[in-house]
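This report describes selected features of the structure shown below.

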Amino acid sequence: MLENKDIKILIVDDEEETREIFTRKIRKFYNTDMAASVDEAIGKLETQSYHLVLCDLVMPGRNGLELLEHVKKEYPFLPVVVISGNATLSMVVKAMQMGAVDFLEKPVEDLELLMIIVQKVLTLQWNLNELRRLQSIITENFDRSILIGNSYNIQKLLDKVKKIASVDSTVLITGETGVGKEIFAELIVRNSNRKGRKFVTVNCGSVPESLLESMLFGHKKGAFTSAIRDQIGYFEEANGGTLFLDEVSETTPAFQTKLLRVLEKRVVRKIGDSTDIPIDVRILAATNRDLMSLVKENLFREDLYYRLNVVQLSIPPLRERPEDIQILSDHFMKLFSKQYIKDIEKISPSAMALLIHQTWKGNVRELKNAIEHSVIMTTQNIITPEDLPAYIHSQIITPVTDDSFVDIWGKTYFDAKDWFERTYIEKLLKENNGDVSLCATISGIHRQNLYEKFKKYQINPDLYRS
């Protein structure tokens, strides 16, 4: 039997002896937790994640059938094995009809039989979870409503998110400032098994180390001068859910040591306390820096880096996915038009051409600010280059320096026009890697008309694709 301490089993029984016997046997292979009543079990289910519930059917007060009903309603994919020596046959039948996956009769003298059933149920549950994960990739049930963009790079990232969202692995999200790392963190949460539970975010670079420790781990009253009351930390607040550590690279090595302990032991200790608090939190972390370079400079712990970097999502900068610029720009235009009560219909082709050719060092965040500025400034129902921020529309356009330009003075007007049109289209294709849709957007020439010009001048756009 394989040991897996990441699997957690909740044992619910009013008899202390039964709880202890089951725990001693099961904890050799899996993590365990105990509850002496239905109410206590429901409280634990609300704050922690479990892979299996072993539940006595006959208990004082609320019985096991009521707990089974609650589990099937609130946690439909959580398996329950019912146990009892005093239950009537009708109770056992009803429990199986309600969704219990198996039944054990007390007293359970053969503990190996208990482990066989536990192993069988967990294996079945793993297979079912894997099937659901694969189905979620194939079907359209994936919620990507908060993500704007359809470029090839975005599609590749979405494929990766679909694979990792439903498992509890730690994810390190990297990328330049403003690319939308927090959007991808939320995207993972929305499609995870923890959706609907607490999603807590903290920017590690925006608070001092001493305050960050208190915010994450909590503190006891009197732990320091300003600690006038007990305070729970973000780890405890996010218990059962997800914690997003943004800009984790900005923490000190001393703090990283404490964070590593939490990730390894799955417990937190409040400042000023002497006891550990078990936690069940999925960790998502983000940084705009190269963590491996920081490791080499002894500015970031190598063991913490590998703890965080189980799966990495690298978000490309906006300049590497220009296809998304028009989609994002239109989205922000509609968003701010509504906010500022303006009736703006579109962004002009010339303005869009300027937007597409920006380097966007601030990425999506910078583009969003630029569109908001343009919506505020325009007095028409269309955004023109004059409405864009000054640093965009005042760019100096590099003049044509091709020596062959002098040859047109010996040509007729119509030949010169054809020469310019051909040269312009070839330059357009070269600058945009043969992307015809992008060329159509920038030039203002309809896509179908572009293909007619390709045919006229015998231009093959495929030759310009890198």
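## Surface patch

Tyr340, Ile376 and Met377 make up a nonpolar patch on the surface, and together they have about 270 Å² of accessible area. The model is predicted, so local features need pLDDT of at least 70 and side-chain atom pairs count only at pLDDT 80 or more, while totals for chains, interfaces and linings use all residues. Residues are numbered from 1 along each chain as its sequence is written, and side-chain values use heavy atoms, with hydrogens and water left out.

Patches consist of residues with over 30% relative accessible area and no salt bridge; like charges are joined within 9 Å and nonpolar side chains (Val, Leu, Ile, Met, Phe, Trp, Tyr) within 5 Å. Accessible areas come from the Shrake-Rupley method with a 1.4 Å probe, and for residues only the protein chains shown count as cover. Ile376 belongs to helix α15 (residues 363–377). Its relative accessible area is 42%, so Ile376 is partly exposed. Buried means under 20% relative accessible area, exposed means over 50%, and partly exposed lies in between (1.4 Å probe, protein chains only). Helices (H or I, at least four residues) and strands (E, at least two) are DSSP runs, numbered from the N terminus.

## Sheet and packed helices

Five strands form an open sheet in the order β2-β1-β3-β4-β5, with parallel pairing. Strands β2 (30–35) and β5 (102–105) are at the edges with a single partner strand each, so one side of each has no neighbour in the sheet. On average, neighbouring strands of this sheet are turned by 20 degrees against each other, direction ignored. Two strands count as paired if DSSP finds at least two bridges between them. Strand β1 (residues 4–12) runs parallel to β2 and is joined to it by six bridges. Ile11 is placed opposite Met34 in β2.

Helix α2 (residues 38–47) packs on the sheet and touches β1, β2 and β3 (52–56); its direction is at about 135 degrees to that of β2. Contact means heavy atoms within 4.5 Å. Helix α3 (residues 64–74) lies across β1, β3 and β4 (80–84), at about 155 degrees to β3. The axes are lines fitted to C-alpha atoms, for helices over the stretch in contact, and angles run from 0 to 180 degrees between N-to-C directions.

## Salt bridges

Side chains of opposite charge can pair when their charged atoms come close. A salt bridge is a side-chain nitrogen of Lys or Arg within 4 Å of a carboxyl oxygen of Asp or Glu. The count by this rule is 25 salt bridges.

| Pair | N to O distance |
|---|---|
| Asp102 and Lys120 | 2.8 Å |
| Glu186 and Arg190 | 3.2 Å |
| Glu250 and Arg289 | 3.4 Å |

The salt bridge between Glu250 and Arg289 links distant parts of the chain, 39 residues apart: Glu250 is in the loop between β10 (242–246) and α10 (253–265), and Arg289 is in the loop between β13 (282–287) and α11 (291–296). Glu250 is partly exposed at 38% relative accessibility, and Arg289 is partly exposed at 37%.

Glu186 and Arg190 are both in helix α7 (residues 181–190), four residues apart, about one turn of the helix.

Asp102 is buried, with a relative accessible area of 15%, whereas Lys120 is partly exposed at 48%.

A network of salt bridges links Asp13, Glu15, Asp56 and Lys106.
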